[in-house]
Amino acid sequence: MSELTPLAGVVGKYGLDARKALGQHFLLDETLCARIALLPGDLAGRHVLEVGPGPGGLTRALLAKPLAHLTAVELDERAIAALEEVVAAHPDRLTVLRQDAMTFDGVAELPAPRQVVANLPYNVGTPLLIGWLREAAHWERLTLMFQEEVAFRITAAPQTEHYGRLAVLSQWVAHCMIGMRLPPGAFRPPPRVHSAVVVVTPHAEQPPPELFRAMERVTAAAFGQRRKMLRGSLKSLGGAEALLEQCGIAGERRAEELPVSAFDALARAVLARST
């Protein structure tokens, strides 16, 4: 196995200063990387996708696990150069692709069983998550680091400050829990906020694509004007009063009060009305 540059020396060796435009905050603490790599559970035989590996701290920690193969998607050419020595050390278990994660089709490229484990770039974390939720049936687990506030929005309960569209979409298709919280000082450079790793485990039963689209419409309307009563916020869907009555939901209630099950009923009613 090739000799690897110590993780602490990778940034200097490859001129890998974090770039704000790429949402980069590098995790260079090997102990923390190893702890994150434990959160997905047993990775034996799994095909794992990592987004934005940067200097490769989490990459190295994942390769210490018995996964079948790790595919790392990275846009920054400097990081790809730094990762080449990791590829040399694990030629049969690591593939590094210079590609935009927003357009990368992990389901098509990775055999099952597949997972995502990633310290996500802050500027694309939420849209990436929603894309994976749309195809949750194809992912065994997503272990993802976000800004802490985004993690709170994913795991929030109804009638709490952070409960909204992201919580409903996430918890509708998966069990979501915060597995670990990290202070700004864990990163280089330190972000202004804390971070957290969310473990998203898709339910065995998943909605078909057309129902997911209906749920996206319902939640976008319901939370688009948070303080409005549902009879007003759902007007854009047409026939809001009848829709709410069909689902047994009082029109004066607000979106942040409804449990995920109520949104499921609304989405199914909207879909049934359109077919």
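**View 1. Strand E3 is wrapped up on both faces.** In this predicted model, six of the six residues of strand E3 (residues 69-74) are buried, so the strand is largely enclosed by the rest of the structure. In a regular strand the side chains alternate between the two faces of the sheet. For E3, one side carries His-69, Thr-71 and Val-73, the other carries Leu-70, Ala-72 and Glu-74, and all of these are buried.

View 2. Strand E2 (residues 47-51) pairs with E3 in the parallel sense over five bridges. Look for Leu-49, whose bridge partner in E3 is Thr-71. Together, E2, helix H3 (residues 57-63) and E3 make a right-handed β-α-β unit. E3 also pairs with E4, again in the parallel sense and over five bridges, and here Glu-74 stands opposite Arg-98 in E4. To get from E3 to E4, the chain passes through helix H4 (residues 77-89), in a β-α-β crossover that is right-handed.

**View 3. Seven strands line up in an open sheet.** Trace the order E4-E3-E2-E5-E6-E9-E7, in which the pairing is mixed. Strand E4 (94-98) and strand E7 (174-182) stand at the edges with a single partner strand each, so one side of each has no neighbour in the sheet. From one strand to the next, the twist averages 20 degrees.

**View 4. E7 and E9 run antiparallel, with helix H2 lying across them.** E7 pairs with strand E9 (residues 195-202) in the antiparallel sense over eight bridges. Ala-174 can be found opposite Pro-202 in E9. Helix H2 (residues 30-38) lies across strand E6 (141-147), E7 and E9, and runs at about 165 degrees to E7.

**View 5. Helix H9 packs against four helices: H6, H8, H10 and H12.** H9 (residues 209-224) has 16 residues and reaches 22 Å from its first C-alpha to its last, close to the 22 Å expected at 1.5 Å a residue. Its buried residues include Leu-211, Phe-212, Met-215, Val-218 and Phe-223. These buried residues of H9 pack against helix H6 (125-134), helix H8 (165-173), helix H10 (230-233) and helix H12 (260-274).

**View 6. Trp-132 sits in the largest nonpolar core.** This core has 61 residues, and Leu-49, Trp-132, Leu-144, Leu-234, Phe-263 and Leu-266 touch the most other members. Setting aside residues up to four places away in sequence, Trp-132 touches Leu-49, Val-51, Val-116, Leu-120, Trp-139, Leu-142 and Leu-144. A second, separate core of 24 residues has Leu-32, Cys-33, Val-86 and Leu-182 among its members.

Terms used:
Residues are numbered from 1 along each chain as its sequence is written. This is a predicted model: local features need pLDDT of at least 70, side-chain atom pairs count only at pLDDT 80 or more; totals for chains, interfaces and linings use all residues. Side-chain values use heavy atoms; hydrogens and water are left out. A nonpolar core is a set of buried Ala, Val, Leu, Ile, Met, Phe, Trp, Tyr and Cys residues joined through side-chain atoms within 4.5 Å. Buried means under 20% relative accessible area, exposed over 50%, partly exposed in between (1.4 Å probe, protein chains only). Contact means heavy atoms within 4.5 Å. Helices (H or I, at least four residues) and strands (E, at least two) are DSSP runs, numbered from the N terminus. The expected span of a helix is 1.5 Å times one less than its number of residues. Two strands pair if DSSP finds at least two bridges between them. Axes are lines fitted to C-alpha atoms, for helices over the stretch in contact, and angles run from 0 to 180 degrees between N-to-C directions. A crossover is right-handed if, with the strands pointing away from the viewer, the path from the first strand over the helix to the second runs clockwise.
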